[in-house]
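The following exercises concern a single protein model. Please examine the sequence and the coordinates before working through the solutions.

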Amino acid sequence: MKVVVCIKQVPDTKGGVKFNPDGTLDRAAMMTIMNPDDKAGLEAALRLKDQYGAEVTVLTMGLPKAEDVLREAMAMGADKGVLVTDRVLGGADTWATSQTLAGALRNMEYDLIITGRQAIDGDTAQVGPQISEHLNIPVISYAQNLKIEGDSVIVERQYDDRYHVLKAKMPCLITALAELGDPRYMTPGGIFDACKAEITVWGRADLKDVEDSNLGLKGSPTQIAKASDKVRKGAGEKVALDPAESVDYIVGKLKEKHVI
């Protein structure tokens with residue numbers, strides 16, 4: 001079994017967010033982490049490796065420094081890493097990103113593709129399903145559990161206060177929730193091996209069956225009207241009251257705001 005996990009290097013929002021003049025994220029200037037939902041998807045793939053001997057490849061698109069998350073994934077247990085990086089791919093929205101990843105995946109062998117539900121820098125949950133459409137394979141989103149049965153995958157798909165059990169014949173794609181698996185830690189031996197491992201690097205020329213008009217900022221139909229860092233809250237109203245007066249004051253404010 002061959003499993004490809006699409007992962008993304010995203011900004012660590014604890015360190016602040018920075019923007020370019022065109023409204024896109026200045027990724028080169030920010031601290032980064034592996035997207036949490038992607039890490040849960042990676043854990044699910046590694047469990048398939050433990051159980052069935054699956055070969056796990058991690059794929060990412062980004063700046064050259066995105067190699068770091070590939071090595072992190074390999075230190076956790078992934079077998080191979082593929083980085084897609086090229087200046088012409090910069091500024092991509094979900095449409096252009098999914099076209100790029102699909103173009104890379106057409107060069108790869110896979111039975112199962114796993115992506116995170118969504119990335120914390122966009123929260124669109126669009127890229128995974130879009131990839132499946134480009135590749136013309138089934139997709140099951142919001143996966144909280146999965147198992148393999150023959151040539152099919154059976155997925156518990158989270159839905160409100162319950163879940164659906166869906167079955168799809170492989171090859172197929174699933175999008176992972178955090179509930180799909182608590183990520184394992186890197187091991188000392190894994191870190192050592194990952195540091196020495198060779199990362200496959202692809203550029204625009206390596207993407208298969210993708211038009212230039214669907215790539216990068218120019219191929220992104222999403223237009224950013226305005227972007228800004230989180231708005232700082234004002235100091236608010238400060239009062240000095242004794243305990244009894246404070247209770248009356250707070251209750252009055254809650255009534256004024258129609259909270260109670």
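**Exercise 1: Strand E6 and its partners**

In E6, isoleucine 114 is the bridge partner of valine 5. The model is a predicted one, in which local features need pLDDT of at least 70 and side-chain atom pairs count only at pLDDT 80 or more, while totals for chains, interfaces and linings use all residues. Residues are numbered from 1 along each chain as its sequence is written, and side-chain values use heavy atoms, with hydrogens and water left out.

Task: Determine which strands pair with E6, and state why E6 is largely enclosed by the rest of the structure.

Solution. 
- Step 1. Helices (H or I, at least four residues) and strands (E, at least two) are DSSP runs, numbered from the N terminus. Two strands pair if DSSP finds at least two bridges between them.
- Step 2. Strand E1 (residues 2-6) runs parallel to E6 and is joined to E6 by 4 bridges.
- Step 3. Strand E10 (residues 172-176) also pairs with E6 in the parallel sense, over 5 bridges. Here isoleucine 114 stands opposite isoleucine 174.
- Step 4. Buried means under 20% relative accessible area, exposed over 50%, and partly exposed in between (1.4 Å probe, protein chains only). In strand E6 (residues 112-116), 5 of the 5 residues are buried, so the strand is largely enclosed by the rest of the structure.
- Step 5. Both faces of E6 are covered, with Leu112, Ile114 and Gly116 buried on one side and Ile113 and Thr115 buried on the other.

**Exercise 2: Salt bridges**

Task: Find which residues form salt bridges with arginine 184 and lysine 167, and classify the exposure of these two residues.

Solution. 
- Step 1. A salt bridge is a side-chain nitrogen of Lys or Arg within 4 Å of a carboxyl oxygen of Asp or Glu. A search of the whole structure finds 16 salt bridges.
- Step 2. Arginine 184 pairs with glutamate 43, the closest N and O atoms being 2.8 Å apart. The pair links distant parts of the chain, 141 residues apart: arginine 184 is in the loop between E10 and H5, and glutamate 43 is in helix H1.
- Step 3. Arginine 184 is partly exposed at 28% relative accessibility, whereas glutamate 43 is buried at 4%.
- Step 4. A network of salt bridges links Glu43, Arg47, Asp50 and Arg184.
- Step 5. Lysine 167 forms a salt bridge with glutamate 149, with closest N and O atoms 3.0 Å apart. Lysine 167 lies in strand E9 (residues 162-169) and glutamate 149 in strand E7 (residues 139-149), so the pair ties together parts that are 18 residues apart in sequence.
- Step 6. Lysine 167 is exposed at 54% relative accessibility, and glutamate 149 is partly exposed at 41%.

**Exercise 3: Aspartate 93**

Task: Identify where aspartate 93 is found and which backbone nitrogen its side chain reaches.

Solution. 
- Step 1. Aspartate 93 is in the loop between strand E5 (80-84) and helix H3 (94-105).
- Step 2. For charge, Lys and Arg count as positive and Asp and Glu as negative, with His and the chain ends not counted. Aspartate 93 is buried yet has no salt bridge, and the nearest side chain of opposite charge, lysine 8, is 10 Å away.
- Step 3. The backbone nitrogen of alanine 96 is reached by the side chain of aspartate 93 at 3.0 Å.
- Step 4. Contact means heavy atoms within 4.5 Å. Not counting residues up to four places away in sequence, aspartate 93 touches Ser220, Pro221 and Thr222.

Definitions and conventions. Polar contact = N/O pair within 3.5 Å; in protein donor to acceptor, adjacent residues only side chain to side chain.
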